[in-house]
Amino acid sequence: VSRIIPVETFDLVIFGGTGDLARRKILPALFKRFCSGQVPDGSKLIGAARSDLTTQAYRALVAEALLEFVGDIASDAETVRAFCEHVHYVSVDARGETGWSALAAELSPETVRAFYFSVGPGVYSDLARGLERHGLVGPETRIVVEKPFGHDLETAQALNRELAQHFDESQIYRIDHYLGKETVQNLMAVRFGNMLFEPLWNAQYIDHIQITVAETVGVAGRGDYYEKSGAMRDMVQNHLMQLLCLIAMEPPAQFEPDAVRDEKLKVIRALDAVQPHHIVRGQYTAADGAAAYREDVDNPRSKTESFVALKCQVNNWRWAGTPFYLRTGKRLRARDSEITVVFKDTPHSIFGPEAGRHRNELNIQLQPNEGITLNVTIKEPGPGGMRLVDVPLDMSFAEALGPKVQGSSDAYERLIMDVIRGNQTLFMRDDEVEAAWAWTDPIIHGWEARGDVPKPYDAFAHGPDDADLMMRREGREWRGLD
Ligand code: BG6
């Protein structure tokens with residue numbers, strides 16, 4: 001099933017190479033690509049950080065991280081050793097002069113060169129300036145920037161301006177790892193690879209669309225970051241917004257970076273301002289042995305939200321009148337990310353009122369158990385007359401494509417390889433990020449101005465009652481998280 005597209009020899013420098021993201025995601029992703037033969041001989045993976053480590057010590061750290069996070073495939077010491085041959089370490093002081101010439105000496109002159117900024121956003125400018133000052137930026141140079149990309153519109157604009165002084169937009173890869181998820185890309189395949197859906201994909205046939213990204217984890221250990229961010233900045237401004245764009249965008253002329261990103265941008269720009277009564281914020285309280293949000297962030301008066309549910313409208317020809325409902329939260333009942341497209345009722349039921357109301361629903365399950373289900377109405381089998389039931393036309397990926405596909409290609413693997421190949425389709429452009437902030441900023445500023453306090457909700461349940469109420473007032477109900 002998997003087809004390996006070869007990549008050129010590359011040098012990848014991970015600034016923040018000893019950090020959590022590098023250990024958890026970046027290095028395991030590179031290791032998996034190495035196991036699939038996608039790290040060509042001569043490629044170098046260079047960890048860079050402040051700590052004074054030898055390459056030998058860094059390789060030991062890498063091997064340990066692999067065991068911890070992808071132990072099932074990193075159990076073969078020989079493979080890990082072979083991978084580590086590619087791994088090097090340089091101690092670099094982002095803000096000072098130390099280490100830059102050693103880094104320059106590690107880099108090969110004519111290969112693709114990628115610098116992964118796996119550091120706090122406060123260091124991005126220093127790194128960008130450092131790279132340029134030390135002559136490390138060439139035409140084949142790319143930088144990868146993690147979220148959060150700014151804290152609001154103003155800071156995102158400042159960051160874009162700063163990066164633009166040192167790099168061309170075509171060299172900047174702003175990661176949103178949701179775009180690397182298998183099912184998220186399948187969304188585009190389903191929409192634009194089938195004749196079946198696109199003619200119905202509009203306000204005339206679709207009643208509403210909902211997107212839920214629910215997590216069971218809390219924020220313990222990330223309190224400092226999360227307390228300043230909250231669910232709106234942490235999840236809605238980026239991940240949920242990207243999902244909304246892929247669902248709502250017009251068909252791009254080609255599956256090419258700017259064609260896709262132009263269409264996504266138009267969706268964000270068409271979003272109406274969210275009315276305060278169409279948004280519910282929540283904050284989890286202690287339950288089932290888990291601490292409350294306020295304990296997790298060590299702030300007994302915190303007003304930061306760990307849950308958001310909102311209704312929004314894409315104000316364009318295709319979607320006028322079709323609401324989009326977004327919901328995300330921590331410490332909910334289940335890890336469950338899904339998108340449901342609820343079609344309208346048939347205009348007239350020939351079977352009379354006893355047949356009940358039946359609607360087609362397309363459900364896209366992002367995680368866990370990736371798959372797509374279409375609910376279709378059929379006759380209930382048996383001699384009992386014309387009674388209707390809904391049955392799922394089920395396309396579970398594990399079943400359809402074999403168990404290997406499910407969860408096998410972690411988003412980071414795909415996205416890092418796209419950086420090496422120079423393909424920006426699944427990365428956010430400067431104007432996209434800014435437009436997303438321009439939409440979220442007034443919502444957040446409104447909360448601040450009103451001194452809004454999030455509604456408490458029990459950990460490991462369904463979120464604040466108000467979120468359910470909001471849906472009931474609309475005559476609808478949430479899908480998922482049952
Ligand atoms: C990150 C957020 O971007 O995405 C986290 O900062 C969140 O708060 C994570 O937990 C969710 O990612 P995934 O891939 O586990 O759904």
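1. Let's start with Trp478. In this predicted model, Trp478 counts as buried because its relative accessibility is 9%, under the 20% cut-off.

2. A search of the whole structure finds 16 aromatic pairs. One of them joins Phe15 and Phe115: the centres are 6.0 Å apart and the planes are at 20 degrees, so the pair counts as stacked. Phe15 sits in strand E1 (residues 10-15) and Phe115 in strand E4 (residues 112-117), so the pair ties together parts that are 100 residues apart in sequence. Both Phe15 and Phe115 are buried.

3. There is also a cluster to find on screen. Ring pairs link Tyr225, Tyr226, Tyr284, Tyr293, Phe307 and Tyr457.

4. Charged side chains meet rings as well. The charged end of Arg281 sits over the ring of Trp447, at 4.2 Å from the ring centre. Likewise, the charged end of Lys181 sits over the ring of Tyr178, at 4.6 Å from the centre.

5. His239 is found in helix H8 (residues 223-248). With 2% relative accessibility, His239 counts as buried. An unreviewed UniProt entry places the feature "active site" at His239; please keep in mind that such annotations may be inferred rather than shown by experiment.

6. Finally, the cysteines. How many disulfides does a search of the whole structure find? The search finds zero. Cys35 is in no disulfide, and the nearest cysteine sulfur, that of Cys84, is 11 Å away. Cys35 is partly exposed, with a relative accessible area of 41%. For Cys312, the closest cysteine sulfur is in Cys245, and the distance of 10 Å is too far for a bond, because a disulfide needs the two sulfur atoms within 2.5 Å. Cys312 is buried, with a relative accessible area of 2%.

Conventions:
Residues are numbered from 1 along each chain as its sequence is written. This is a predicted model: local features need pLDDT of at least 70, side-chain atom pairs count only at pLDDT 80 or more; totals for chains, interfaces and linings use all residues. Side-chain values use heavy atoms; hydrogens and water are left out. Helices (H or I, at least four residues) and strands (E, at least two) are DSSP runs, numbered from the N terminus. Buried means under 20% relative accessible area, exposed over 50%, partly exposed in between (1.4 Å probe, protein chains only). Rings of Phe, Tyr and Trp (its six-membered ring) pair if their centres lie within 6.5 Å; planes under 30 degrees apart count as stacked, over 60 as edge-to-face and the rest as tilted. A charge sits over a ring if NZ of Lys or CZ of Arg is within 6 Å of the ring centre and within 35 degrees of the ring normal.
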